[in-house]
Amino acid sequence: MNAIYDVYQSLSIPSRMLVFLVLAPLVGGFLAGADRKLSARFQGRYGPPLRQPFFDVLKLFQKERILVNKFQNFNIILFFLFTVFSGALFFAGADLLLVIFSLALAGTFFILGGFAVGSPYSHIGAERELIQMVAYEPMVILMAVGMYQVTGSFKVAMLVQHQQPLILFLPGIFAGFLYILTIKFRKSPFDLSMSHHAHQEIVRGITTEFSGPTLGLIEISHWYENVLLLGMVYLFFGFNPWIALTVCLATYVFEIFIDMNYARFKWQLTFASSWLFTAVVGGSNIIVLAMMK
Amino acid sequence: MGWFKRSPWVLHYNATACNGCDTEVIVSLTPLYDLERFGIVNTGNPKHADILLATGSVNAKSVQVLKNLYNQMPEPKAVVAVGLCAISGCVFQDCYNVQGGVDKVLPVDVYIPGCAARPEAIIDGVIQACDVLERKHAERKKARKRS
């Protein structure tokens, strides 16, 4: 069981980052493929092959490059770089707070990319993305705070090696994190800004004006982001790698299940419910932890 | 080799159809036919699309929309005319505002007959359009090499 940690410990920080750079898109791509296949099965369809996301991205890179203006691509490249950077930091075992802030910066560049063009659909998508970000960000910060309260460190390398199960101290935080994970994975009922499913009222939201290679880059960033988020789920169960990996997969399946069963919320409900949930389960968990000390 | 065969994304536009062909297009996405098993996705956004599925005869009002949608699609792209109205205008061809089939406005690559076109025929037509996409992609590549 400790073999995974031994391998991890033996790697230097740059090589850990390199492993993440190479492996994350593979894992993320297949996860996205499993997502589409599972979604189809839930709906009684056969579904596309597991490798479909790779076909999609390879095709997108062969399409014509259409630019509405040059800032559009600039923002998306920065979005990609910062997403990869925060993932690499996380898997190198660096500071969790730095990871969270750099991920927020990546999200900001994505929103700026949506605002860089003239399309009203893109603008609505970007505004909704902004609201979503405000909705989920407090819970992400609370997660870092809660983990610090238990372990006394923000370092991912320390958190993951903590001998006691973090989930026993942070059940409320974990529940809150699951709630906002639906927003981060862009699943119903919170897929306001863009959705992987067909017809919705704002066409494709924030990605409306992105086509070809740029859209491919957004997809790849999304894969990196998903792997990073599942890594955060892993932290809660870091005491046993096998349990942790199982829970990561179960979380993913659970999110797909939620996606299939809900219609889209309005932005008011999205915002209010996530803040309320964060305050109740996250906040009370933090207070209880503080009183236990 | 291109990857268009494995992941053609479709944009559907109703020029002036009676909704018969449109229903059949949507039906081909349902569990019984499941277009997505070929990687086909109905996008609703011309900038993401590879194939334009046009239904119905083209009239004076829909010409501009059709041209606009086609121009926004990135290369390589293909146009599929679904149903008899989209092929020739059918019984509406003599109407004062009807210009005829989709090929009066856009270069159509695949014609799918039927009134309404059956889902099996639509799936077959889209798969044939994939070959057209592959050919256009190869031509683009050759032209880029030459220049």
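This note sets out points on the predicted model for a reader new to it.

1. Conventions. Residues are numbered from 1 along each chain as its sequence is written, and chains are lettered from A and ligands numbered from 1 in the order in which they are written. Because the model is predicted, local features need pLDDT of at least 70 and side-chain atom pairs count only at pLDDT 80 or more, whereas totals for chains, interfaces and linings use all residues.

2. The interface. Chain A places 25 residues in contact with 19 residues of chain B (contact: C-beta atoms, placed from the backbone, within 7 Å). Helix α3 (residues 52-62) of chain A gives the most to the chain A side, with six residues (helices are DSSP runs of H or I, at least four residues, and strands runs of E, at least two, numbered from the N terminus). That side of chain A divides into nine nonpolar, nine polar and seven charged residues (nonpolar: Ala, Val, Leu, Ile, Met, Phe, Trp, Tyr, Cys and Pro; charged: Asp, Glu, Lys and Arg; polar: the others, Gly among them).

3. A helix pair in chain A. The axes of α2 (residues 13-42) and α11 (residues 241-261) of chain A come within 10 Å and cross at roughly 45 degrees (axes are lines fitted to C-alpha atoms, for helices over the stretch in contact, with angles from 0 to 180 degrees between N-to-C directions). The two helices are therefore oblique to each other (under 35 degrees is roughly parallel, over 145 roughly antiparallel, 65 to 115 roughly perpendicular, and the rest oblique). From α2(A), L31(A), D35(A), L38(A), S39(A) and F42(A) meet Y252(A), V253(A), I256(A), D259(A) and M260(A) of α11(A). This contact comprises seven nonpolar, one polar and two charged residues.

4. V160(A). This residue lies in helix α7 (residues 156-160) of chain A. V160(A) is buried, with 21 other C-beta atoms within 10 Å (buried: 20 or more such atoms within 10 Å; exposed: 12 or fewer; partly exposed: in between). Leaving aside residues up to four places away in sequence, V160(A) touches L235(A) and G238(A).

5. S28(B). In chain B, S28(B) sits in the loop between α1 (20-27) and β2 (41-42). With 23 C-beta neighbours inside 10 Å, S28(B) counts as buried. Beyond residues up to four places away in sequence, S28(B) touches Y33(B), L35(B), P119(B), I122(B) and I123(B).

6. Helix α1 of chain B. The buried residues of α1(B) are C21(B), E24(B) and V25(B). They cover an arc of only 105 degrees around the axis, which puts them on the same side of α1(B) (the arc is that of the directions from the helix axis to the C-beta atoms). These residues pack against β1 (9-16), β3 (51-56), β5 (78-82) and α4 (119-146) of chain B.

Note on methods
Contact = placed C-beta atoms within 7 Å.
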